[in-house]
Amino acid sequence: MHPQIHASPSTGQLIEGDPANTVLRLGQLGFDAPAALLASFGLTLERVADGTPIPGSFWGDEEAGIIGTTVYARDDTPVHSLLHEAGHLIVLPPERRPDVHTDATDSIEEEDATCYLQIVLADRLPGVGRERLMADMDAWGYSFRLGSTRAWFEHDAGNARDFLAERGLPC
């Protein structure tokens with residue numbers, strides 16, 4: 001078995017054994033199913049050429065970006081990042097979406113709902129599912145007070161579920 005190699009976003013240097021190398025990327029999944037999923041919520045997925053900066057990306061590098069009702073991603077964009085940024089737009093009332101550029105919210109309540117929603121939406125993508133997405137979120141470095149994405153999702157996310165349910169969103 002060969003060690004995983006990952007390019008550090010800040011330096012571009014390779015990091016051996018980085019668990020972030022194991023996350024599912026959009027190029028592995030394809031763009032059709034994610035585009036159809038986003039369209040069902042009134043959003044557009046725009047594919048960005050390899051090596052090109054992703055418009056509206058808060059974190060930069062390969063992370064998805066959002067501007068208005070469009071989610072931007074490249075082949076190397078992690079699926080969890082695409083679903084997270086799309087989730088930010090989905091939890092917003094439609095009238096607020098056109099004003100979004102890069103940063104969707106400062107609300108902890110909306111952030112929690114977004115994290116929960118991205119896990120639920122993973123079940124709607126063939127070959128992904130919530131189990132894979134939660135493992136990818138942990139590998140990427142998402143941080144929850146119970147220690148793992150699964151523990152948070154199963155035991156500490158009632159506020160996020162309630163937020164989504166009150167708005168008629170998948171939960």
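Which kind of contact do the side chains of Asp75 and Arg47 meet in? The side chains of Asp75 and Arg47 form a salt bridge, with 2.5 Å from N to O; the term covers a side-chain nitrogen of Lys or Arg within 4 Å of a carboxyl oxygen of Asp or Glu. Asp75 sits in the loop between β5 (70-73) and α3, while Arg47 belongs to strand β3 (residues 44-47), so the pair links parts that are 28 residues apart in sequence. Asp75 is partly exposed at 25% relative accessibility, and Arg47 is exposed at 51%. Here buried means under 20% relative accessible area, exposed over 50%, and partly exposed in between (1.4 Å probe, protein chains only).

The model is predicted: local features need pLDDT of at least 70, side-chain atom pairs count only at pLDDT 80 or more, and totals for chains, interfaces and linings use all residues. Residues are numbered from 1 along each chain as its sequence is written, and side-chain values use heavy atoms, with hydrogens and water left out.

The salt bridge count comes to 10. Another of these pairs is Asp156 with Arg145, at 2.7 Å from N to O. Asp156 is in the loop between α6 (149-155) and α7 (158-166) and Arg145 in the loop between α5 (129-140) and α6, so this pair ties together parts 11 residues apart in sequence. Arg145 is exposed, at 72% relative accessibility. Arg167 pairs with Glu166, and their closest N and O atoms are 3.5 Å apart.

Of its 13 residues, 13 are buried, so α3 is largely enclosed by the rest of the structure.

The protein chain as a whole has seven helices and five strands, taken as DSSP runs numbered from the N terminus (helices H or I, at least four residues; strands E, at least two). Their order along the sequence is β-β-α-α-β-β-β-α-α-α-α-α. Buried residues make up 49% of the 171 residues. Of the contacts (heavy atoms within 4.5 Å) with a separation of 6 or more, 55% are between residues 24 or more positions apart. The C-alpha trace spans about 45 × 35 × 30 Å along its principal axes.
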